[in-house]
Amino acid sequence: MGREQELKDLQERLSNQQQMVLVNGMGGIGKTALAQTYATFYRDNYAHIAWMQQTSDDFRQDLISAEGLLHSLNIDVTGAVDELFPRIIHQMRTLENQPNLLVIDNAFASLTKIKDQLPKQPHWHILITSREEIAGFELKELGFLSETAAIDLFKRHYTLTKLQDADIAAIVKAIDYHTLTIELLAKVAQRKRANPDELLIAIKDDITANVNINHAQNGDKIERIRWYLCSIFKADKLSEPEIHLLKQLTCLPTEFHSYEILEELLNIKEEFDFTLSEILESLKESGWLIADSKNDSYKMHQVIQLALFTQLNVKLDNVDLLIDKITNNLELDQTKDNPIDKFLWIPFGQTIDGLFSESTDDRVSSLQNNLALRLKERGDLQGAKNLLEKAVLDAEKNFGEDHPATAIRYSNLGVLLQALGDLQRAKALIEKAMISDEKKFGEYHPTTAIRYSNLGLVLKDLGDLQGAKTLIEKAMISNEKVFGEDYPTTAICYSNLGLVLQDLGDLHGAKNLLEKARISDEKNFGENHPNTARCYSNLGQVVQDLGDLHGAKNLLEKARISDERNFGEDHPNTATRYSNLGLVLKDLGDLQGAKTLLEKAMTSDEKNFGKGHPSTGRSYYNLATLLYKSQDYQRAFSLIEKALEIFKNSYPKNHPHIEKALWWHERIKSKLNN
């Protein structure tokens, strides 16, 4: 299926161009099936067809052992290899009827040694299949099926109607259109009446397949998909350097990676007499890797990855240096790094996590902690929460509750829970981290200062502004003393304290601190860094409260443009920028522009957090106040009711958000009643 063009191309190369063609491709992609189909489709073009499979490095012995060949050529079966092999070749060359076809299936690289002894064109057409690239033969690379052909292949083995074409398209795409696996999954779907989600995890979870593989040597049923794939992708003939490198490659995302990335991540033992490039090329030529020579990059197909990870029995100790490098690459230095630059490494961390997710080893736990923080910054808060909760449990088990590493993870999870709106649990976790760090480091240590600042922001959200002010001031004084006023972490304290002063009504004090933070961030990071964008946004809100609407608009526009560029339009940070800018446009009288931005913010928050989250509640609240000004009282009332319910479920009874929402609720209600 889907190989019509390949058949025509083979016929053209063999018949007209008189070449010895090598069909090359990864295991299970359909090389043998293509050769069988060619021999069947064009059988009337040939007087004789000889088919053999190479099973060893000695092609001569395999040719002699080919079933029925000696009998068909009227050759006595007795004799040594050195005697029988030339007699076979001589008989094949002297056959009167022509042309003839010789198919050599699953050829080894050693075939090149006897290339010149094979029967020649035009009397014999030579068609070879191999996972290896063999020198001296015309190469025809066999790629993956098209989506349409892959769906058709699936449906050949799946005759039920439970799965629609869209479901099947998602399944075949998920396995990268690998021919053999499509067939196996289709048979699983037929037998188990499986749904799409079950099929997508079938290989990973090794679901019993009971697939009857007719061409298996013993004809037995293969009980497990994964173990059948392991039998297809045997690694028993690989060298020690190749096995060492493949173990690491099985822990990378199944996509093309540039040589520079691989050189950075992969470790080659000093005792090996081979370089990384030499081993990669060897694995590519042997069919274990796919290469993109134009971009100097390599890829392992996910089906091969799964089989090798199981077959090579990859353990943490085999890849600990790789895990350490990815963990370090996921770590963010807040004094200089841009989180956007770290997003590149998220798929690498996710692959490691997927392979070793059940491990409680701190090497995995540390990676999960760093991965979670980058997921949070990218906007995947729920994914980050799952990882951080596991990292906390592992740290408690490995180090105990009072260890600095455990305190870090308490704090990280607490900050995330704050973003998710779970303020009470966030407060409890960060308080545990703070008490632990005060005990270990003292009150004026930079680590303790981070806890004060983080806990202060949670108290701010809970409405305890004086408590927040006290903690963040302690953090600020500590950082000024240790680092100075221009240091990035000091600027964070200025910004955080400015937000608290704004809520306390000290707008000029807030503005002074936020200006200091802005100058520091522009100096340390530049205008397009996410930290600077956050500072522009915070300062813009204070400037707005001071009545400078055009100044506020300029700052908030800069923040919006920066976050759209860095995170995209659907990110939670960008939604905050839309909301803040929309409120300024409302005050400037641009009600339509404000409505567009506030609706974008609301849609984004509903998507990222759900309809019961405090951030979504603030979006409802902001849009309700705008709709009131636009005299759309019915919709405004519906939104303010939603906001009020969320605030009552999220904050203490006397929280300012609840008081403001109640005031607007009564104001909008009175308009409806009039």
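Leu-22 has Ile-128 as its bridge partner in strand β4. The model behind this briefing is predicted.

**Strand β4 and its neighbours**
- Strand β1 (residues 21-24) runs parallel to β4, and four bridges join them.
- Strand β3 (residues 100-105) also pairs with β4 in the parallel sense, over five bridges.
- Val-103 stands opposite Leu-127 in β4.
- Buried means under 20% relative accessible area. Seven of the seven residues of β4 (residues 124-130) are buried, so the strand is largely enclosed by the rest of the structure.
- Trp-124, Ile-126, Ile-128 and Ser-130 point one way from β4. His-125, Leu-127 and Thr-129 point the other way.

**An open antiparallel sheet**
- Three strands form this open sheet, in the order β8-β10-β9, with antiparallel pairing.
- Its edge strands are β8 (257-258) and β9 (290-292), and each pairs on one side only.
- Three bridges join β9 to β10 (residues 297-299).
- Ala-291 has Tyr-298 as its bridge partner in β10.

**Helix α28**
- The helix has 19 residues (549-567). At 1.5 Å a residue it should span 27 Å, and its end C-alpha atoms are 26 Å apart, which agrees.
- Its buried residues include Leu-549, Leu-555, Leu-556, Arg-560, Asp-563 and Phe-567.
- The buried residues of α28 pack against α17 (339-342), α19 (362-378), α27 (530-545) and α29 (572-588).
- Just after α28, Gly-568 takes a positive phi of about 95°.

How values were computed
Residues numbered from 1 in each chain as written. Predicted model: local features only at pLDDT ≥ 70, side-chain atom pairs only at ≥ 80, totals over all residues. Heavy atoms only, no water. Helix = DSSP H or I, 4+ residues; strand = E, 2+ residues; numbered from the N terminus. Expected span 1.5 Å × (residues − 1). Buried < 20%, exposed > 50% of the residue type's maximum accessible area, 1.4 Å probe, protein only. Contact = heavy atoms within 4.5 Å. Pairing = 2+ DSSP bridges.
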